Amino acid sequence: MDNLITLVNKIQRACTALGDHGEENALPTLWDALPSIAVVGGQSSGKSSVLESIVGRDFLPRGSGIVTRRPLVLQLHKTDEGSRDYAEFLHQPRKKYTDFALVRKEIADETDRITGRSKQVSSVPIHLSIYSPNVVNLTLIDLPGLTKVAIEGQPESVVADIENMVRSFIEKVFLFTNLYLELELLTFFYTPNSLILAISPANQDLATSDAIKISREVDPKGERTFGVLTKVDLMDKGTNAVDILEGKAYRLQFPWVGVVNRSQADINKSVDMVVARRREREYFSSNPDYKHIAHRMGSEHLAKMLSKHLETVIKSRIPSLQSLINKTITDIEAELSRLGKPIASDAGGQLYAILEICRAFDQIFKEHLDGVRPGGDRIYNVFDNQLPAALKRLSFEKNLSMENVRKRITEADGYQPHLIAPEQGYRHLIETSLSTIKGPAEATVDAIHYVLKDLAHKSLTETAELKQYPSLRIEVGNAAVDALEKLRDESRKSAVKLVEMECSYLTVDFFRKLPQDLEKGGNPSQSVFDRYNESYLHRIGNNVLAYVNMVCGYLRNAIPKSVVHCQVREAKRSLLDHFFTELGKKEGKQLSTLLDEDPAVMERRAGLGKRLELYKSAQAEIDGVAF
């Protein structure tokens, strides 16, 4: 079972090293999920002496006022008999202390490194591991002593600050889950995850004990509070603490433990802890008031009792702790994947990263066009609905009215009336009618351009990697729009050329297939006046309209082919080609400006990376423990 406490010790050290030590803004949950024993007591309650007695060493700073100003996570490791005692700090991982006077000094110095010499307090813990054959495997968190007034040099808020800090440790709860697969029922419940070691002096009224007061508030039933009564030997003559130690004055679930600490005179004389422990045992075994409970009194019994109970609590928490760790690892990895990879430091790596991101954008754009993602069907809708509707809306009535046909035919004849058919008049009427098709052709190009621009914008939004880098997103977006505009211009020229080609060369076979009586244009011997009668002009207008409709039918299919060839296919093939060419000319600094990731995202990724390291380390530690 000792390996369970060792396991928690390792995870606690990892939590502190990686920033998860239960602070409000720190990386949450794992520290809170670890069972711990918080040592609570008022100033001058004998709290430090109890800890030193459990360890068997003088190692804690002493003095007046608030001496403990940061939580001290004290991890005790039992070693083989005959081995030498030594201590290690987490912030000095490769340094072993065998002189415990130097341990005391380092605790004070490390406290000042965070809080300064202004007597401020901090919730960032100091981690101290002590290895000795004379201790039991145990972890205790020594908290600043509760006080009622601020001393000189401290802010008035220090009283509330200390109380709030103590509460944050002893109120520590953790969300556990029970999963019943057969019933498909998932239940959640909060359970306190901190044991309380409440230190109270026997020579003061228990009703005024700071430790009992705050313990009662967070643990009213006394289910996780261990009461320790110090200074039992300093009570007034004729009085004793039997009622308290027997649980009659104030009942807790666990028996009260009385201890006899070294006196100030003993401390000044550097009385050995082994001697002090022997005196403590002799005091309880020889005192008639306490003789009947001597077997459960003293600091040695206290340490063993705490160690045994902590092991039991840890064992009960392991399954839920494993569930928490596994789920959190999955969640962190998913968020890290969403945030993307960190920025490369070298120009080559940055260029590669930019190209990969651009390729991801380009692939999404192609998927929209190919139907893998929605949107590409809007292009077909332009060809199948908008273009035919626009061609159908074209009006040739004005151009082919009797007045205009008569005017164009007579103007084309000039001084010499046509002999058989008014060819020049035909050509003029056809060309002016066909030229109106340029409008629908250009409108089709513009409509496709709008669709492609919209798909490019959607692709920018859907490219997760571009969310990391606002500047790169803007540059890629601008490059895509510029490329699409150039393609639009080329496509417009091509579509207009299709119309112009129809105007510049007429299909002769169409007219050859017309009935001969319609083509002759009347008898040459008829008068000029007869040639321009309404029936004759109406026949010419109908012939022109039939030819124009034939061309419209052809262009209805030809314009989409041209647009796809010049716009859609080229956008799919070479949307960012020019951008890639320009990108290769950029210097390292210019590449860095494109990868100007949001500092908040960088900070979040770094924090998640540390947290993932912490949880994977904890996972490996737990998996390595044999139950």
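**Exercise 1.** Find which residues of helix H12 meet which residues of H20.

*Solution.* Start on H12, where Ile-379, Phe-383, Asp-384, Leu-387, Pro-388 and Leu-391 make the contact (heavy atoms within 4.5 Å). Their partners in H20 are Cys-552, Leu-555, Arg-556, Ile-559, Pro-560, Val-563, Val-564 and Val-568. Next, sort by class: 12 residues are nonpolar, none is polar and 2 are charged. Finally, look at the geometry: the axes (lines fitted to C-alpha atoms over the stretch in contact) come within 10 Å and cross at roughly 145 degrees, on a scale from 0 to 180 degrees between N-to-C directions.

A word on the source: this is a predicted model, in which local features need pLDDT of at least 70 and side-chain atom pairs count only at pLDDT 80 or more, while totals for chains, interfaces and linings use all residues. Residues are numbered from 1 along each chain as its sequence is written, and side-chain values use heavy atoms, leaving out hydrogens and water.

**Exercise 2.** Describe how H11 and H20 pack.

*Solution.* Take helix H11 (residues 347-370) and helix H20 (residues 534-574): their axes lie 9 Å apart, at an angle of about 145 degrees. Then pick out the contact: Phe-365, Lys-366, Leu-369 and Asp-370 in H11 meet Val-568, Ala-571 and Lys-572 in H20. These divide into 4 nonpolar, no polar and 3 charged residues.

**Exercise 3.** Where in H10 does the kink lie?

*Solution.* Walk along H10 to Ile-318, shortly before the proline Pro-319: the kink there is about 45 degrees, taken between axes fitted to the seven residues ending there and the seven starting there. Just after H10, Gly-340 takes a positive phi of about 90 degrees.

**Exercise 4.** Which parts does the pair of Tyr-86 and Tyr-131 tie together?

*Solution.* The two rings form an aromatic pair (centres within 6.5 Å) that is stacked (planes under 30 degrees apart). Their centres are 4.6 Å apart, with 10 degrees between the planes. Tyr-86 lies in strand S3 and Tyr-131 in strand S5, so the pair links parts 45 residues apart in sequence.

Definitions and conventions
Helices (H or I, at least four residues) and strands (E, at least two) are DSSP runs, numbered from the N terminus. Ala, Val, Leu, Ile, Met, Phe, Trp, Tyr, Cys and Pro count as nonpolar, Asp, Glu, Lys and Arg as charged, and the others, Gly among them, as polar. Rings of Phe, Tyr and Trp (its six-membered ring) pair if their centres lie within 6.5 Å; planes under 30 degrees apart count as stacked, over 60 as edge-to-face and the rest as tilted.
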